[in-house]
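Here are my notes on this model, written as numbered points. Please keep the structure open while you read.

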Amino acid sequence: MSILDNQVAIITGAGRGVGRAVAEQVAHAGGKVVVCDLDESVAKEVVTVIEDAGGEAIACIGDITKPTFPKQVVDQAMKTFGQVDIVVNNAGYTWDSMIHKMSDEQFQAMLDIHLITPFRMIREVSAHFRTPREDGTYRKIVNVSSVAGVMGNVGQANYASAKAGLIGLTKTVAREWASFQVNCNAVAFGMIDTRLTQVKENGESVFGISVGIPEKVRTMFEQSIPQKRSGTPKEAADAIFYLLSPFSNYVNGQVLHVNGGWYT
């Protein structure tokens, strides 16, 4: 018997990077996965990988920032699997600028993806989470925040504000839903190797917005980390998986820092 047998997990941004690593770990531990992503091809690829390994997964494709999409995701999970036990709010991107140059659109976009969307997803599962369980199992919510939301970051007033707000949302849900056997926690990542932290000169984009870090700046960041390297998606996923597992049943409303000692 695996530790997440028959549990159903909704994971946003699960087509790549940390989200994909979490999806594959959950499936390996016996969970059933709803792979949410904007990109149909990568989402279906993750589903195929999980199914080929003997697991169960479905893809839910769409723009997570649309007000109706969280309901679509939860409805699809319920129709296919009959329950929802886990939510990982992982989807996101960056749209950097110095404050004096930042537009309202840039600021609002980061609030939409990193704070409002997780709120909507959590609200959407409330009917399924706010009922005590007689078998003693816990439902889990993990919100992906950032070291920027704890200490701020130059050029990321929008991103840092949204990630800081997500920590406040996490702690509030933990207090409101603890009596229903729900754990709600956050992870605050430092530099993890994803599209958002790759060398900017590689030319990756999200929503047509260039993402990444200039190579010289990225090298400087890595040298400032006590472990002298960025983290891998697998290492990031390991931290999330701990918070999804029964090993964290008495951990609630916490922010787990995963940054190689960058912020302590």
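1. How does Lys71 count by relative accessibility: buried, partly exposed or exposed? Lys71 counts as partly exposed, because its relative accessibility is 43%. Keep in mind that this is a predicted model.

2. Stay with Lys71 for its partner. Lys71 makes a salt bridge with Asp75, and their closest N and O atoms are 2.6 Å apart. Both residues sit in helix α3 (residues 69–81). They are four residues apart, so about one helical turn separates them. Asp75 is partly exposed as well, at 36% relative accessibility. An α-helix has 3.6 residues a turn, so residues three or four places apart point the same way.

3. Lys44 and Glu40 meet through their side chains in a salt bridge, at 2.6 Å from N to O. The two lie four residues apart in α2, about one turn of the helix. Lys44 has 44% relative accessibility and counts as partly exposed. Glu40, at 41%, is also partly exposed. The general idea behind such pairs is simple. Side chains of opposite charge can pair when their charged atoms come close.

4. Arg20 forms a salt bridge with Glu45, with 2.9 Å between the closest N and O atoms. Arg20 belongs to helix α1, while Glu45 belongs to helix α2 (residues 40–52), so the pair ties together parts that are 25 residues apart in sequence. Arg20 is partly exposed at 21% relative accessibility. The cut-off for buried is under 20%. Glu45 is partly exposed too, at 41%. Arg20 and Glu45 also belong to a network of salt bridges that includes Glu24. In total, the count of salt bridges comes to eight.

5. Step back to the whole chain. Its secondary structure comes to nine helices and nine strands. The radius of gyration is 18 Å, close to the 18 Å that the globule rule gives for 264 residues, so the chain is as compact as a globular protein of that length. The C-alpha trace spans about 50 × 40 × 35 Å along its principal axes.

6. How much of the chain is buried? Buried residues make up 49% of the 264 residues. The accessible surface comes to about 12,200 Å², and carbon and sulfur atoms account for 53% of that.

7. Gln7 counts as buried, at 13% relative accessibility. Beyond its neighbours within four places in sequence, Gln7 contacts Gly31, Lys32, Gln83, Asp85, Ile86 and Tyr138. Ile3 is partly exposed, with a relative accessible area of 37%.

8. Last, look at two backbone angles. Gln181 has a phi near 60°, a positive value in a residue other than glycine. Gln181 lies in the loop between α7 (157–177) and β6. Its relative accessible area is 14%, so Gln181 is buried. Lys228 is not a glycine either, yet its phi is positive at about 60°. Lys228 sits in the loop between α8 (215–224) and α9. Lys228 is partly exposed, with a relative accessible area of 48%.

Conventions: Residues numbered from 1 in each chain as written. Predicted model: local features only at pLDDT ≥ 70, side-chain atom pairs only at ≥ 80, totals over all residues. Heavy atoms only, no water. Buried < 20%, exposed > 50% of the residue type's maximum accessible area, 1.4 Å probe, protein only. Contact = heavy atoms within 4.5 Å. Rg over C-alpha atoms; globule rule 2.2 N^0.38 Å. Areas by Shrake-Rupley, 256 points an atom, 1.4 Å probe, with all protein chains shown as cover. Salt bridge = Lys/Arg side-chain N within 4 Å of Asp/Glu carboxyl O.
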